[in-house]
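This report describes selected secondary-structure elements and their packing. The structure is shown first, and the description follows.

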Amino acid sequence: MNRVEGRDKVTGRALYAAEYPVDGVAHAYAVQSGIAKGRVTAIDAEAARAMPGVLAVLSSDDPPDLAGDADPELRLFSSRDVAYRGQIVAAVVADTYENARAAARAVRVTYAAEPHDVLLRADHPGLYRPEKVNPAFPADTVKGDVTAGLDGAAVTVDVTYSTPPLHNNPMEPHAALAVLDGDRLTVYDSTQGAAADRDTIARTLGLPPERVRVVSRHVGGGFGSKGTTRPHAILAALAARATGRPVKIALTRQQLFDVTGYRTPTIHRLRLGCDATGRLTALDHEVRVQSSTLVEFAEQAAVPARTMYATPALRTAHRLVRLDVASPSWMRAPGECPGMYALESAMDELAVAAGIDPIELRVINEPDAEPEGGLPFSSRNLVACLREGARRFGWEGRDPAPGVRRDGRWLVGTGVAASTYPAMTRPSQATATAEDGAFVIRLAAADIGTGARTALTAIAAGALDVPAGRVRVELGDSDLPAAPLAGGSMGLASWGSAVVRACEELLRDGKHGAADTAGEAGRGGDYARHAFGAQFAEVRVDPDTGEVRVPRLLGVFAAGRVIDPDLARSQFVGGMTMGLGMALMEESVTDAEFGGFGNHDLAQYHVPACADVPDVRAYWIDEDDPHLNPMGAKGIGEIGIVGTAAAIGNAVHHATGVRVRDLPITPAKLLAGF
Amino acid sequence: MKAFEYTRAADPAAAVAGFRPGDMYLGGGTNLVDLMRLGVAEPERLVDVSRLPLDRVEAAGDGLRVGAAVRNSDLGAHPLVLARYPMLARAVLSGASGQIRNLATVGGNLLQRTRCPYFQDVSKPCNKRRPGSGCPAIPGDHSHLAVLGHSEACVATHPSDMAVALAALDARVHVTGPAGSRVLPMPGLHRLPGDEPERDTVLEPGELITAVELPPPPPGRSAYLKVRERASFAFALVSVAAALDIGADGIVTGVRLALGGVAHAPWRAARAEAALLGAPAGEESYARAAEAELDQARPLPRNAYKVPMARNVIVRALKELTP
């Protein structure tokens with residue numbers, strides 16, 4: 001189905017957060033810390049205040065009244081302490097964006113700097129075991145005897161993989177417009193969840209939630225970076241309070257790299273053993289990640305190992321170190337994405353070492369129930385995805401020998417990796433109302449560019465058995481019935497459930513239906529619910545330059561019932577494209593000397609261009625899973641990025657015989673390996 | 001961004017005559033405007049020279065004269081450039097993106113600044129931006145920076161692809177300024193950093209590039225190869241502009257080699273050329289020539305890969321040009 005708001009978007013009528021017209025608007029621009037650790041000793045804003053158009057300077061010289069238990073990343077100007085380079089330490093509000101930006105540069109901040117520590121390393125003495133990893137998993141699990149399993153194995157691998165910090169780069173920068181009307185605050189924000197954003201803003205500012213409204217009708221991408229309230233929204237509200245005017249803020253691309261979160265760098269040690277037939281005898285996945293000194297954000301990168309393969313001995317462990325860095329946050333498939341890169345690369349190494357086809361190795365180790373917890377799977381079609389992918393990709397007859405295929409100057413190889421992502425739902429409310437011959441669906445869902453509005457339209461039309469053209473979906477407003485955020489691949493499953501129930505009630509009532517799925521959503525305990533997939537890559541490597549090109553990427557996914565093929569395909573293909581970026585080019589470079597990140601624009605932080613993705617194909621296997629939700633859907637926003645980097649890395653090894661275990665796989669690293 | 005004035009020059013003479021301290025010439029603005037937003041460039045006034053009547057590509061005998069305001073897109077697609085200087089067309093079209101090439105001018109392309117991450121971040125030291133403040137790239141992230149001709153003050157690279165081809169083609173840059181007009185050879189417009197890394201070129205304040213003149217193309221075949229980890233829209237890790245002519249007896253009778261992505265200026269590989277001229281064409285000679293050039297490389301820990309990469313690409317380019 002075509003996007004219902006497509007025409008509004010291409011004609012420019014769809015308004016994004018920074019685009020709402022409002023009279024008397026002022027502009028805020030952040031002043032960021034020039035040190036990575038220490039204290040602000042003085043803020044000289046005299047020159048800035050005297051500059052043209054300047055209305056106010058906000059800083060810890062005049063701390064605002066913010067909730068003491070709020071997210072420390074949001075407690076702007078409440079402390080003189082600096083936790084990372086780039087942290088917001090002051091802000092200028094002026095009549096124009098340019099005046100605000102110019103004056104922000106004139107604010108002189110003096111620091112008492114302390115030595116900083118910004119680099120994650122495997123032997124960092126500050127590593128510790130967190131109480132839990134995101135969102136609420138145990139940090140460590142042990143089943144069976146890993147040492148015995150490895151000792152008794154016919155083949156073992158013991159390898160270390162690492163991934164760099166990675167940044168979400170949505171096209172629309174994080175932006176907000178705060179408007180005070182009496183005692184009511186409206187924030188037009190670029191957010192993945194208007195209701196949660198409203199709650200966080202209200203709590204941080206010490207306001208009752210009913211006095212805050214968040215409007216976010218269109219969002220130009222988020223990938224997780226807009227899943228939590230970011231400091232710009234609080235800054236806009238504080239600036240509106242300070243000046244009595246509506247205040248707009250739009251972060252620069254450079255600022256996105258500082259204050260909107262990032263994927264933690266990860267270091268993985270994988271120890272795998274199998275018997276002569278390929279059956280795993282042990283699987284040990286130990287992960288090291290970083291967080292800030294402000295919050296403990298523990299990326300759950302070893303969690304997918306608890307789901308993937310049958311093994312008598314399974315150990316997973318997470319260690320975390322708190323560094324003088326910005327707080328990591330959500331990035332597409334947190335946990336699964338870096339974790340499956342490492343696990344699926346190690347599985348490929350085991351397959352090579354054991355002389356077993358990498359697809360067969362995975363099939364051999366297909367579990368009957370979830371390996372760690374023992375729950376039955378609500379549905380699991382990894383093997384079907386591998387088989388279907390192999391057929392479509394042309395895997396049969398593949399020569400496993402590395403480094404032996406050439407096409408002209410190019411070394412050619414192919415690789416495979418598995419994907420997984422949990423299928424979850426959260427409670428949501430929705431209403432369905434018959435109005436003037438149309439059916440209006442209302443809920444505070446978010447369409448962050450995924451097509452959620454369109455998919456919900458289709459779901460409602462299906463539930464009501466009316467043409468989609470008679471359904472209108474209103475979302476992106478916290479005044480609408482409460483709904484969870486777009487994240488964790490839970491959005492559509494959660495919202496859709498409430499929409500179906502509201503439509504069912506409307507059909508009974510004839511006029512109006514209201515639903516709250518608090519009773520039925522998020523049922524746990526009885527089944528392990530996960531989507532699975534298989535990804536295939538063909539790569540070409542230039543042996544003279546180390547350049548890697550990916551002429552073909554192919555994924556087959558099993559994610560419940562696909563609600564809209566066009567939207568689903570774009571989610572899968574988008575995820576795979578992002579996974580290609582992770583494999584070959586994306587890397588935020590931690591600046592060891594100054595703190596923060598050294599590269600912070602799209603010329604230095606490369607994401608794939610069209611020329612990098614000539615042929616990315618996504619297919620799916622229809623699953624009929626009665627244990628999920630009324631739509632039978634598993635969520636598809638994230639699984640596409642899971643496994644891509646491993647498939648490409650495995651293909652690079654197949655092409656060259658060189659195993660690069662430190663992403664991204666750059667020409668420099670490959671040349672060093674040749 | 002600091003407030004600035006904007007004026008549009010009527011002709012080159014007026015642009016130069018009216019030039020005052022704090023002015024900067026504006027071409028397509030694809031680099032300068034970025035630098036102004038970042039606070040790296042803070043002109044008092046922009047003198048827009050993009051609409052001067054310097055937008056023609058004209059045959060000059062068997063050579064070519066390219067106005068400084070010619071857009072990169074137009075240069076890369078011009079029939080005379082495609083016919084006579086395919087190396088230049090390839091270089092221009094391998095740079096930036098279609099949208100940027102539509103705006104970027106020949107003069108501006110030559111005068112674009114380094115993309116060294118420290119240079120572009122005003123919160124950090126940089127000798128090029130703030131002389132004497134230090135070069136954090138040397139102990140820090142120099143992974144994309146120079147391996148040839150750098151100094152203790154600066155390891156920046158010049159980012160242009162076009163300039164590498166021009167350096168190989170013996171282009172001449174026409175300049176007019178307060179002290180009159182002059183012609184600068186390529187290479188020769190750009191300088192090595194030495195202890196004055198703040199100076200990218202030998203241009204004096206107020207000097208304006210008006211045209212680039214190309215002598216008749218070198219005999220033989222030519223190529224431009226560019227290495228980058230992303231298939232498009234990325235600066236070169238290493239690039240090579242090469243032209244090769246081989247006599248009937250298999251002896252190299254003419255060669256041009258220039259490297260991009262390795263130095264503060266487009267790097268004419270004179271030692272490699274000298275080693276090749278008169279040598280038998282073939283991989284052995286090409287490898288020896290590349291070694292002769294790269295013997296003088298002084299890689300840093302994170303950019304050492306550029307030396308074998310450059311060697312391989314030189315050999316590859318020459319082999320591709322060998323019938």
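Two strands are taken to pair if DSSP finds at least two bridges between them. The model discussed here is predicted. On that definition, 3 strands of chain B form an open sheet in the order E1-E3-E2, with parallel pairing. Strand E1 (5-8) and strand E2 (23-26) of chain B stand at the edges with a single partner strand each, so one side of each has no neighbour in the sheet. From one strand to the next, the twist averages 25 degrees. The pairing of E1(B) with strand E3 (residues 45-48) of chain B is parallel and extends over 4 bridges; within it, B:Tyr6 stands opposite B:Leu46 of E3(B).

**Antiparallel strands of chain B**

Strand E11 (residues 252-260) of chain B has 8 of its 9 residues buried and is therefore largely enclosed by the rest of the structure. E11(B) takes part in two hairpins, one with strand E10 (residues 238-246) of chain B and one with strand E12 (residues 267-268) of chain B. The table sets out both.

**Helices of chain A**

Helix H6 (residues 231-243) of chain A contains 13 residues, which at 1.5 Å a residue should span 18 Å; the end C-alpha atoms are 18 Å apart, in agreement with that value. Because 11 of the 13 residues of H6(A) are buried, the helix is largely enclosed by the rest of the structure. Among the buried residues are A:Pro231, A:His232, A:Ile234, A:Leu235, A:Leu238 and A:Thr243. Just after H6(A), A:Gly244 adopts a positive phi of about 70 degrees.

Helix H12 (residues 452-464) of chain A packs against helix H13 (residues 491-509) of chain A at an angle of about 35 degrees, their axes lying 9 Å apart. The crossing of H12(A) and H13(A) is right-handed. On the H12(A) side, the residues in contact include A:Ala452, A:Leu456, A:Ile459 and A:Leu464; those of H13(A) include A:Trp495, A:Gly496, A:Val499, A:Cys503 and A:Leu507. The residues of this contact comprise 14 nonpolar, 1 polar and no charged.

Definitions and conventions: Residues are numbered from 1 along each chain as its sequence is written. Chains are lettered from A and ligands numbered from 1 in the order in which they are written. This is a predicted model: local features need pLDDT of at least 70, side-chain atom pairs count only at pLDDT 80 or more; totals for chains, interfaces and linings use all residues. Side-chain values use heavy atoms; hydrogens and water are left out. The expected span of a helix is 1.5 Å times one less than its number of residues. Buried means under 20% relative accessible area, exposed over 50%, partly exposed in between (1.4 Å probe, protein chains only). Axes are lines fitted to C-alpha atoms, for helices over the stretch in contact, and angles run from 0 to 180 degrees between N-to-C directions. A crossing is left-handed if the near helix is turned anticlockwise from the far one by less than a right angle, and right-handed if clockwise. Contact means heavy atoms within 4.5 Å. Ala, Val, Leu, Ile, Met, Phe, Trp, Tyr, Cys and Pro count as nonpolar, Asp, Glu, Lys and Arg as charged, and the others, Gly among them, as polar.
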